[in-house]
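I opened this model to see what holds its parts together. These are my notes, in the order I looked things up.

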Amino acid sequence: MVVNQKARAWSPRPPAVRFADWPEARTSPAPGLMTRAGAARPGSCCALVGGRRVPASAPRASSLVSPLLPPPPPPLPLGIMVCFRLAPVPGLELALLCLVLGAAQSYALELNLTNSEKVTCLYAKWQMNFTIQYETTNKTNNTVTISAHDPVTYNGSSCGDDHNGPKIAVQFQSGFSWIVNFTKSAPNYFIDSILFSYDTRDNTTFPDAKDKGLFTVADSVEVSVPLNNIFRCKSLLTHEKNHVVQHYWDVLVQAFVQNGTVSKKEFLCEEDRSPTTAAPVIHTTVPSPTTTPAAKEKPEVGNYSVSKGNSTCLLATMGLQLNVTQDKVASIININPNTTGFTGSCQPNTAQLRLNSSVVKYLDFVFAVKNENRFYLKEVNASIALANGSVFSTANKNLSYWDAPLGSSYMCNKEQTVSVSENFQINTFRLRVQPFNVKEGVYSTAQDCSADDDNFLVPIAVGAALAGVLILVLLAYFIGLKRHHAGYEQF
């Protein structure tokens, strides 16, 4: 078994993988470039520098790249191969190094597993992160988000045999492991189950954790894929169980690869196939120096919640439209709740709701208590990947929106605008939030934003009514006076 792992720089939404980039696709490499198939071939490990192939056995081969690489981590078991591809730098056209090493740092994980005959049996490329909520010794809840971007190993990954199906096993950071199992029942194979393990004895990651030990979350997936098809899902996939939220996106995977050739026939996940959920956002980019254009469609309304222990502590229902202006270009992003993950935390005087997707890295709504009897939206933080490849980030900790009494919810069915900064506004539709004192997982009585409008209408209505009464009194007086004079004229 040979593992061919490639480390790449991470971006919030990397370009789609081209089939020409897969191991079997390149049969005629350009002069001076090493094919991935060649890089993965046992016994052919080498470095390619400035278009010249240098065998791994050649003296001083490591010195050619040592200024560019950190000291290697402890080696993996014999027979596991790791390939590093480095971005071009001045004077260095391409550097590709194959060594028997530990895994490299990477956000985008890629695995090419070969069997005893040195042919590919399983191929996978994906991105993932995990949000874990745990209880502290002082009975509060903390939330941590973990990504597989530290040195990663693949010990335990296998092509399967007559008794066991293939599996991908990933170990990263301190005490984290992730395993996905595959099964086959012709004419399909199945992404069968996912096991995620974390260790709360790591005080750096889980400070003041009340319960110390190794915890495993087992989740049955049962995604069916036709044999000799590669499963693809660019949309965000979210699984939540036992206070752990798992996020996956940009997934490419094929188990039971036939004849060592990764299939070019794609089987799309439902989220990519559906017209309403094929993309997590509606992206519109137009040149505009100061204004943000109106979106053609209103965003879909989503329901979000945050739990503390076994009970819900925050509820939010809203359609969200993000208006971003960067470099005099305005963008509109409609949040699609079907492809948006959400996490958060609840404290006695603060509460946070975090939304994230493949485009919205994070969008935080932070609520606070004021005067011990009211709540309001105090803070918004955002980091968003724009269509041109840039990342827009902003934060405002001095907001004052969505004010309502504690023990109630805030509701506004009409469109509202939360102005976070000069370059970032959020339009809300059919909004209702309750960040504190949620009982039995349902909203309490709502304070409607129309009540603010009513405060202006009441004095106007009272004044109009008094004016009407005064007019009626004057009319009655003049009519009575006229009749009185008419009676004297008859004598």
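**Terms and ground rules.** I call a residue buried under 20% relative accessible area, exposed over 50%, and partly exposed in between (1.4 Å probe, protein chains only). The model is predicted, so I keep to its limits: local features need pLDDT of at least 70, side-chain atom pairs count only at pLDDT 80 or more, and totals for chains, interfaces and linings use all residues. Residues are numbered from 1 along each chain as its sequence is written, and side-chain values use heavy atoms, with hydrogens and water left out.

**Surface.** I looked up Tyr 477 and found it exposed, at 52% relative accessible area. Tyr 477 sits in helix 3, residues 450–489. I take helices (H or I, at least four residues) and strands (E, at least two) as DSSP runs, numbered from the N terminus. Tyr 477 also belongs to a nonpolar surface patch of about 510 Å², together with Leu 470, Leu 474, Phe 478 and Leu 481. Patch residues have over 30% relative accessible area and no salt bridge; like charges are joined within 9 Å, and nonpolar side chains (Val, Leu, Ile, Met, Phe, Trp, Tyr) within 5 Å. The areas come from the Shrake-Rupley method with a 1.4 Å probe, and for residues only the protein chains shown count as cover.

**Cores.** Which residues touch the most other members of the largest nonpolar core? I noted Trp 126, Ile 168, Phe 172 and Trp 178, out of 42 residues. Strand 7 (residues 120–135) gives the largest share of this core, 8 residues. Apart from this core lies another, of 40 residues, including Val 306 and Ala 382. A nonpolar core is a set of buried Ala, Val, Leu, Ile, Met, Phe, Trp, Tyr and Cys residues joined through side-chain atoms within 4.5 Å. I then checked Trp 178, leaving aside neighbours within four places in sequence: its contacts include Trp 126, Phe 130, Ile 194 and Tyr 248. Contact means heavy atoms within 4.5 Å.

**Salt bridges.** How many salt bridges are there in the whole structure? I count 7. Each is a side-chain nitrogen of Lys or Arg within 4 Å of a carboxyl oxygen of Asp or Glu. Asp 272 meets Arg 232 at 3.9 Å, N to O. Asp 272 is in helix 2 and Arg 232 in strand 14, 40 residues apart. Asp 272 is buried, at 10%. Arg 232, Glu 266 and Asp 272 are linked in a network of salt bridges.

Arg 354 and Asp 364 meet at 2.7 Å, N to O. Arg 354 is in strand 23 and Asp 364 in strand 24, so the pair ties together parts 10 residues apart in sequence. Arg 354 is partly exposed at 27%, whereas Asp 364 is buried at 3%.

**Disulfides.** I count 4, taking a disulfide as a pair of cysteine sulfur atoms within 2.5 Å. Cys 121 joins Cys 159, S to S 1.8 Å. The torsion about this S-S bond is about -60°, so the disulfide of Cys 121 and Cys 159 is left-handed. Cys 313 joins Cys 346, S to S 2.0 Å. Here the torsion is about 80°, so the disulfide of Cys 313 and Cys 346 is right-handed. Both Cys 313 and Cys 346 are buried. Counting bonded cysteines along the chain, I wrote down the pattern 1-2, 3-4, 5-6, 7-8.
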